[in-house]
Amino acid sequence: IQSRRHCEREGIESVVKTALMPATAIPKSIATPSLLSQIIMCKYQFGLPLYRQETMLGDIGIELSRQTMSSWMLRCADLLSPLYQRLKDVLLSQPVIHGDETPLNVINADKATSYMWLYCCGDDKPSKGTNIVLFDYHNSRAGQCAVDFLDGYEGYMHVDGYKAYEQTNATLVACLAHMRRKFIEAKGNNKKTVKADVALNLIRKLYGIEQAIKDKSHDEKFKIRQRKAKPIVDELYQWLLKHKDKIPPKMALSEAITYAINQFEKFRRYLDDGRLSIDNNRAERAIKPFVIGRKNWLFSNTCNGAHASAILYSLVETAKANDLVVHDYISTCLQRLAEQPDNLEPLLPWDIKLGVVSYTLTLIQMKVKIDSPMGRRQLFIESQHIALFRIYKAVKHDAPLGDILSTSNKLSNPCHTFQNAN
């Protein structure tokens with residue numbers, strides 16, 4: 001007050017200036033990138049539904065409703081959508097991709113059964129190649145869904161026997177694993193040698209060749225397949241044609257033979273290019289985390305929620321495919337997209353540089369948070385995340401058991417956690 005009166009007497013104009021608020025993933029929210037990333041990681045990487053996360057937080061005195069977390073997930077998906085589109089552009093520039101689809105229950109959808117489509121490229125394990133996993137939600141299993149996503153893609157695409165993929169412009173490559181599965185079902189529990197064993201033995205030889213050449217170059221794979229695998233493929237095809245009309249149509253073996261013959265032209269294309277795989281197991285394994293998660297959270301409430309899940313699952317699985325720590329990657333993407341929404345290239349998983357662990361807070365941020373009850377609640381949440389992350393790092397680097405237990409005990413002391421958060 002004295003300063004104000006002095007300025008009035010002396011005719012000095014006093015102007016109060018405030019610093020601009022830093023960019024945040026969700027403006028005017030207590031949700032920091034690390035907290036949002038933690039919720040995303042729990043649900044989409046570890047299959048922990050939001051209602052269970054709500055219960056877990058409630059057990060330690062934190063009130064955070066599933067409705068709030070659900071709203072945050074929708075906002076995060078909107079923020080990450082440009083990065084998803086950029087990954088899609090990169091995916092469709094690859095010469096070889098894989099595709100699959102799986103049902104999804106969406107309560108407020110027009111049709112009873114919706115589908116989550118999957119498209120991916122690269123290997124299961126991180127390598128020098130481009131590893132991308134993208135999910136695409138539709139309230140339909142029509143071929144037009146794949147046509148719209150692929151947008152005229154003309155490269156190779158590994159698929160199962162679903163005919164809808166034939167509507168696309170891609171060169172389809174069938175899956176030997178699906179053929180083998182049919183013959184295994186035809187054999188059943190019969191321990192005696194049956195006709196299905198002939199096909200299974202030939203298929204086993206083909207997989208033996210693939211196992212032997214898995215570390216070879218594309219050119220070497222092509223040459224070895226032409227020399228060793230092609231005669232076996234021809235022998236398998238002749239066996240199928242020979243027994244096609246000898247097996248009663250209603251028998252499982254007849255169905256297996258018919259399926260194999262219908263897919264054989266697309267299957268044998270893998271012999272023509274060393275970049276191709278003998279099966280579509282890359283997509284089968286990529287879609288498995290979604291299927292496991294679905295057994296926990298069971299359904300999506302709305303189509304918007306299903307679309308958001310497709311984007312978040314895509315970022316999580318792509319991070320895993322590139323050997324990134326999911327929490328760090330998602331947290332970094334959320335923060336940088338909030339600051340520079342058009343700067344996408346540095347966020348691609350093979351280009352990104354993860355900085356200091358995103359849980360670390362400055363003393364100024366801590367003071368702002370502690371000044372309010374809501375801020376103190378958020379501070380406690382993030383303290384738990386720091387301690388949990390330290391446990392993860394200790395286990396990952398094979399730390400002594402005593403160090404891991406010591407870190408674990410700090411979960412009950414958030415102040416200690418933040419004093420040592422750097």
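Reader: Which residues form a nonpolar patch on the surface?

Author: This is a predicted model, in which local features need pLDDT of at least 70, side-chain atom pairs count only at pLDDT 80 or more, and totals for chains, interfaces and linings use all residues. Residues are numbered from 1 along each chain as its sequence is written, and side-chain values use heavy atoms, with hydrogens and water left out. Patches are made of residues with over 30% relative accessible area and no salt bridge, where like charges are joined within 9 Å and nonpolar side chains (Val, Leu, Ile, Met, Phe, Trp, Tyr) within 5 Å. With about 280 Å² of accessible area together (Shrake-Rupley method, 1.4 Å probe; for residues, only the protein chains shown count as cover), the nonpolar patch is formed by Ile107, Leu298 and Phe299.

Reader: Is Phe299 buried, partly exposed or exposed?

Author: Phe299 is placed in the loop between helix 10 and strand 7; helices (H or I, at least four residues) and strands (E, at least two) are DSSP runs, numbered from the N terminus. Buried means under 20% relative accessible area, exposed over 50%, and partly exposed in between (1.4 Å probe, protein chains only). Because its relative accessibility is 38%, Phe299 counts as partly exposed.

Reader: What is the phi of Leu298, and where does Leu298 lie?

Author: Most residues other than glycine have a negative phi. Leu298 lies in the loop between helix 10 (281-297) and strand 7 (300-302). Its phi is positive in a residue other than glycine, with a value near 70°.

Reader: Is Lys28 buried or exposed?

Author: Lys28 lies in the loop between helix 1 (2-10) and helix 2 (33-45). Its phi is also positive, near 60°. Since Lys28 has 89% relative accessibility, the residue counts as exposed.

Reader: How many salt bridges does a search of the whole structure find?

Author: A salt bridge is a side-chain nitrogen of Lys or Arg within 4 Å of a carboxyl oxygen of Asp or Glu. Searched as a whole, the structure gives 10.

Reader: How far apart are the closest N and O atoms of Asp197 and Lys187?

Author: Asp197 and Lys187 are both buried, and they form a salt bridge. The distance between their closest N and O atoms is 3.0 Å.

Reader: In which helix do Glu317 and Lys320 both lie?

Author: The side chains of Glu317 and Lys320 meet in a salt bridge of 3.2 Å, N to O. Glu317 is buried because its relative accessible area is 7%, whereas Lys320, at 31%, is partly exposed. The two residues are 3 apart, about one turn of the helix, and both lie in helix 11 (residues 303-321).

Reader: What percentage of the residues of the chain count as buried?

Author: The chain has 16 helices and 7 strands. Its accessible surface comes to about 22,800 Å², of which 52% belongs to carbon and sulfur atoms. Of its 422 residues, the share that counts as buried is 46%.
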